[in-house]
Each structure stands twice: as C-alpha cells, then as structure tokens.
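This briefing accompanies a single protein chain and is arranged by topic. Please read it alongside the sequence and the coordinates.

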Amino acid sequence: MADVPWHLSGDYFENCSCSIVCPCLVSAALPLTARPTEGFCNVPLIFHIESGRYGDTALDGLNVLVILHAPGVMADGDWSIAAYIDQRADDAQTEALAAIFTGAAGGPMAAFTPLISKNLGVRKAPITFRINGKTRSAEIPGILHMSVDPLPTMHPSGEMWANIGHPVSPDRMVMAVGATGNTFSDHGMRWDNSGKNGLYAPISWSNQA
C-alpha cells in the first residue's frame, strides 16, 4: 500500500487527556518521554480532507477519526488504535483512508506505527466536522462529541502558533483547549477530555518525497 502515490490537504484537531500544556509534546524531556499528566494518554484526532487522491481514488470532502490510547509514557509504546471512516466513503475510498490513517500507506501517521501494539479495527460512521471561526468541532452520534478553541493569547491574531514537531503538522500548530463535554465512548472505553490540552492545524500530507 505504501507504493500507491497519494496526497491530501485539509484540517485537523485533537484533544488529549493531558492537562495544558501536554508534557508528552512540550517539556524539558525529549518528546514523548515525559509522563502524561494523568499517567496515560487518550487522544482523538479528527481530520477533514478538503482535497486528496490515493492513486486514482478521490478523497475530497471526507472525514476521519483516529483514536489512540497509550497506557503510560508514550515512547514506551503499547498503544491501541482505532479508526472511523466517513460513512459517505465508497469501498475504494474506505480502503484508501484506512491505509493512510493507520500508517500502512506511509506518510505522517506511519511515525506512530512502531508504538502501536493493538489495532482495534476500522469502522464506518457518520462523522461531522465543522470550523466556525477559530472553533473546531466534530460529532459521531453516540461515540464522539469534541470541540476545541485556541488558548488565550496576547497575540493580535488570537492564536498561539508553535512548531512542536508533531507528525501531523510539524511546522505549524495552534495550542488549544478542549471544551466542556468533550467525550469519546467506544471499544469499552469512555473518555472525558473537557478542559484538557488541544491542538489544531491545517494539514498537507503525501507519501512522496
């Protein structure tokens, strides 16, 4: 699958279980080596593809949710992953998105694959993704309710941009905070990341050099 050329661009946000600022990404320790503030990390990553193509398959307008659970220090591995593909995707699009967002097709998500020990599978779901000013939000009925806003800042843009090296968008990411009522519930897990660390960014991905 990594041999199929693909590219996509769009938007993403996440809201992990760490208090602000997430030490897994920003601390005096090397990235992913600091202890998460809760002792574990639960993070949904939600994506909207504005335009994209996997080989001959168009991916425009589709949404994806990836959830990651790390039971301890993230660099120690033993992560679990699950993916949710937009129910509007046809079979070819579903296969393409599953390959891209689980890292099987190379690209940014492949950075996580050495740390993953349990794949909880891929399923299709009705995923709503919205951008309203500086607010990012997403919904999967009965599974996910998630929204983030930028952290307060004195910068006139109203956003605090950082180049923290996160594989999703290494050079440009907004520091954000999760809204009240941010929950995920599936696979025997229930997360409430209200008021916890958030991030959002535009994305531009490819598996080509």
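The protein chain exposes about 9200 Å², of which carbon and sulfur atoms supply 51%. The model is predicted.

**Overall architecture**

- The secondary structure of the protein chain consists of 1 helix and 14 strands.
- A compact globule with 209 residues would have a radius of gyration near 17 Å, and the 16 Å of the protein chain therefore agrees with that expectation.
- The C-alpha trace spans about 45 × 40 × 40 Å along the principal axes of the protein chain.
- Among contacts between residues at least 6 apart in sequence, 67% join residues at least 24 apart.

**Ser-17, in a loop**

- Ser-17 is found in the loop that runs between strand S1 (6-15) and strand S2 (41-54).
- Ser-17 has a relative accessible area of 5%, which is under the 20% cut-off, and so this residue counts as buried.
- The side chain of Ser-17 reaches the backbone nitrogen of Asn-42 at 2.9 Å.
- Beyond its neighbours within four places in sequence, Ser-17 is in contact with Thr-37, Glu-38, Phe-40, Cys-41 and Asn-42, as well as with Asn-193 and Lys-196.

**Gly-77, in a loop**

- Gly-77 lies between strand S4 (63-70) and strand S5 (79-86), in the loop that joins them.
- The relative accessible area of Gly-77 is 8%, so Gly-77 is buried.
- Once neighbours within four places in sequence are left aside, Gly-77 is in contact with Pro-71 and Leu-115.
- Gly-77 and Pro-156 are 79 residues apart in sequence, and their C-alpha atoms are 39 Å apart in space.

**Ile-203, in a strand**

- Ile-203 belongs to strand S14, which covers residues 197-206.
- Ile-203 counts as buried because its relative accessibility is 5%.
- Not counting residues up to four places away in sequence, Ile-203 touches Leu-8, Ser-9, Gly-10, Asp-11 and Tyr-12, together with Phe-47 and Val-168.
- Ile-203 and Met-173 are 30 residues apart along the chain, and a distance of 9.5 Å separates their C-alpha atoms.

Definitions and conventions. Residues numbered from 1 in each chain as written. Predicted model: local features only at pLDDT ≥ 70, side-chain atom pairs only at ≥ 80, totals over all residues. Heavy atoms only, no water. Helix = DSSP H or I, 4+ residues; strand = E, 2+ residues; numbered from the N terminus. Rg over C-alpha atoms; globule rule 2.2 N^0.38 Å. Contact = heavy atoms within 4.5 Å. Areas by Shrake-Rupley, 256 points an atom, 1.4 Å probe, with all protein chains shown as cover. Buried < 20%, exposed > 50% of the residue type's maximum accessible area, 1.4 Å probe, protein only. Polar contact = N/O pair within 3.5 Å; in protein donor to acceptor, adjacent residues only side chain to side chain.
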